[in-house]
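Hi,

Here is the structure I promised to pass on.

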Amino acid sequence: MIPLILYDIPSKLEGNFWSPNTAKPRFVLGYKGLPFRFEWVEYPDIAPRMKEIGARKNKLADGREMYTLPVLSDPNTNALITDSWEIAEYLEMTYPEEPIFPNKSKGLVLAFDTAVSNLGRAAVAFPFLRVSRILHERSAEYFITTREASLRRKISEFSPEGPERDEHWAIIKDAMSTLKQWYDKEEGKWLMGDVFSYADIIIASRLFWFKRILHDDEWEKVASWHDGRWGKLLADVEKECNEV
């Protein structure tokens, strides 16, 4: 089998990985045991590189269309897929072994994905601030410019120490408390009890993002909430997906 190609965004961190969106297909590929390699693309190079390989634009929640990552190329089928959800669907259809949508749960997991994306959105300036510090210079400049335009404030105003930062922490913790309530509905370590699914990959990808971009003491805080549940969940998903 020819290795698939996952287009991802590099960073100054060891191993490069940091993005929650590209973590999702990486976890799926690992879980299904599919061989793959990375092609690293800096932020300002995404559009020209994706045009070059013939990838399509991704439609964003606000209706805009732009080139984004992840993109997955499968030389075994000549497929070229944009967007983490569509990549998950493609991999499930094409390589059904080790299913990520068990018991015909794809519709429910899609609804779950939408719900999760809204949790903590009001505090996004804080992780954006942290992301801006771990990117290479060209990507950092692009990221800061686009996020300043999106949030309509300067990067220095994203999450200043003090009451605003405290509020962001409270929003993030409240979001994790909501996730805990959902996980507590079933016995077992996964959202579906003893059955692993893409829903767990969605949560693990956000946890992975926090672990990579936050300061060590900040991640330790998140990982320790709810009796250490979130640090353990990330470790469990990484093990399940052959990341460790």
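First, a term: a residue is buried when its relative accessible area is under 20%, exposed when over 50%, and partly exposed in between, using a 1.4 Å probe and protein chains only. By that cut-off Arg-130 counts as buried, because its relative accessibility is 5%. Arg-130 sits in helix α5, which covers residues 125-132. Leaving out residues up to four places away in sequence, Arg-130 touches Arg-165, Ile-213, Leu-214, His-215 and Glu-218; a contact means heavy atoms within 4.5 Å.

Some background on the numbers. This is a predicted model, where local features need pLDDT of at least 70 and side-chain atom pairs count only at pLDDT 80 or more, while totals for chains, interfaces and linings use all residues. Residues are numbered from 1 along each chain as its sequence is written, and side-chain values use heavy atoms, with hydrogens and water left out.

Now the whole chain. The protein chain has nine helices and six strands (DSSP runs numbered from the N terminus: H or I of at least four residues for helices, E of at least two for strands). Its C-alpha trace spans about 55 × 45 × 35 Å along the principal axes. Of the 244 residues, 50% are buried. If you take contacts between residues at least 6 apart in sequence, 67% of them join residues at least 24 apart.

Cheers
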